[in-house]
Amino acid sequence: MSVVARVLTHPRSVLLAQVAVGLLFLAAALAKIGDAGAFARQIHYYRLLPFGLENLLAITLPWIELLAALAILLRLRPQAGSVVVAGLMALFVAVVAAAVVRGLDIECGCFGSADAGSVGVVKLLENLGLLALAVIASLRPR
């Protein structure tokens, strides 16, 4: 096993990654749950879903994020929660990349109306970093 693989699968590395993505997704979920209408509008600006699905996603996505975060942070199913977070981050990377390619000048909506971060290359790189962290969190510690 390589040195990098040993470091990434070390129990402390995995735990640290899990706590980081768990706290991040907990904050994101709570911010969005409080204002589903604003979150639905932010989803609309990406122009990827029909109107009815935008509302459904705005209502359900934050609860999925919350359940994944709680599974990680309460140590109920941390690896499963981390896999969900990694899957969501992969989706977010694809959505932000699509917005960047289409030249959309919109807010990301990552933390609901509490986040005024713009979609762009910087946000795409942040999401790729968070995807890598979520993948580390989903690894089985050695």
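Contact is taken as heavy atoms within 4.5 Å. Helices (H or I, at least four residues) and strands (E, at least two) are DSSP runs, numbered from the N terminus. The model is predicted, so local features need pLDDT of at least 70 and side-chain atom pairs count only at pLDDT 80 or more, while totals for chains, interfaces and linings use all residues. Residues are numbered from 1 along each chain as its sequence is written, and side-chain values use heavy atoms, with hydrogens and water left out.

Within α3, the buried residues are Ala38, Phe39, Ala40, Gln42 and Ile43. An α-helix has 3.6 residues a turn, so residues three or four places apart point the same way.

The packing of α3 against α4 can be described by its geometry. Their axes, as lines fitted to C-alpha atoms over the stretch in contact, come within 8 Å and cross at roughly 120°, where angles run from 0 to 180 degrees between N-to-C directions. The two helices are therefore oblique to each other; angles under 35 degrees count as roughly parallel, over 145 as roughly antiparallel, 65 to 115 as roughly perpendicular and the rest as oblique. On the α3 side, the contact is made by Ala36, Phe39, Ala40, Ile43 and His44, and on the α4 side by Glu54, Asn55, Leu57, Ala58, Ile59, Leu61 and Pro62. These residues comprise 9 nonpolar, 2 polar and 1 charged, with Ala, Val, Leu, Ile, Met, Phe, Trp, Tyr, Cys and Pro counted as nonpolar, Asp, Glu, Lys and Arg as charged, and the others, Gly among them, as polar.

After α3 comes Arg47, which has a positive phi near 55°. Arg47 belongs to the loop between α3 and α4 and is exposed, at a relative accessible area of 56%. A positive phi, near 60°, also occurs at Arg75, in the loop between α4 and α5; Arg75 is partly exposed, at 40% relative accessibility.

Methods:
Buried means under 20% relative accessible area, exposed over 50%, partly exposed in between (1.4 Å probe, protein chains only).
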